[in-house]
Amino acid sequence: MLATVLSYVLCLYGLLHQAFLLCLVPEQLPANTVDHQQFLGKWYFKAAVGQREADIERFKVMDNMWINMEEPVNDTLLVTGQMRIGDDCIKQTWTYHILPERHDVVLEGMPRQRTLLWSGKWANCPECIIIQEVKQPLKETDSEDSLNRYFLYTRQSDVNNEVVKVFLNNLACHNASASVRLPQEKEFCT
């Protein structure tokens, strides 16, 4: 009974909080129904935002990064990333599966992680995509996700700084203010 009342109070608080702060909510792109072809190709990683510094710490050492997204077989996305860390280039590949009953994509080998796709229009960038990674709490008694971070990807390497600023500000309104922008001072890896 107490848990039910508490959940209603928290829900009401969340609604009032958003009503008074007027936080914009992004448009989710359900992976199981959206046209995957629009995501294929090259994307440049511009910024990462999390609720905690630990969520984005690994990106602070990067100078730049780009990914290439392919669909080698139906309902599978193969993402190859090229990261510049110092003078080194690091290549990494991730495989995501699109399941008909889910709105997110499933990263192979990470069953507790959800990866959600959001429209870049939320950052005033129709040619962008926002990717959110969320991991459930480590313990059932934890109230906070063990990971919750957002990434802004653009089609061009030199997107307007205003796009990144809008992305950061919109997420700050949702209590996600730990952020990193990649400086892109060095040559992109090939």
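This is a predicted model: local features need pLDDT of at least 70, side-chain atom pairs count only at pLDDT 80 or more; totals for chains, interfaces and linings use all residues.
Close-up 1. The side chain of Asn148 is joined to that of Gln132 by a polar contact of 2.8 Å.

**Close-up 2. Strand E8, the element that holds Asn148.** Strand E8 spans residues 147-154, and eight of its eight residues are buried, so the strand is largely enclosed by the rest of the structure. In a regular strand the side chains alternate between the two faces of the sheet. In E8, Leu147, Arg149, Phe151 and Tyr153 point one way, whereas Asn148, Tyr150, Leu152 and Thr154 point the other way, and all of these residues are buried.

**Close-up 3. Pairing of strands E1 and E8.** Strand E1, which comprises residues 41-50, runs antiparallel to E8 and is joined to it by six bridges. Within this pairing, Ala47 stands opposite Leu152 of E8, and Leu152 belongs to the set of side chains that point the same way from E8 as Asn148.

**Close-up 4. Pairing of strands E7 and E8.** Strand E7, formed by residues 128-135, pairs with E8 in the antiparallel sense over eight bridges. Lys135 stands opposite Leu147 in E8, and Leu147 is a buried residue that points the other way from E8 than Asn148 does.

Technical notes: Residues are numbered from 1 along each chain as its sequence is written. Side-chain values use heavy atoms; hydrogens and water are left out. Helices (H or I, at least four residues) and strands (E, at least two) are DSSP runs, numbered from the N terminus. A polar contact is a pair of N or O atoms within 3.5 Å; within protein, one must be able to donate a hydrogen and the other to accept it, and residues adjacent in sequence count only if both atoms are side-chain atoms. Buried means under 20% relative accessible area, exposed over 50%, partly exposed in between (1.4 Å probe, protein chains only). Two strands pair if DSSP finds at least two bridges between them.
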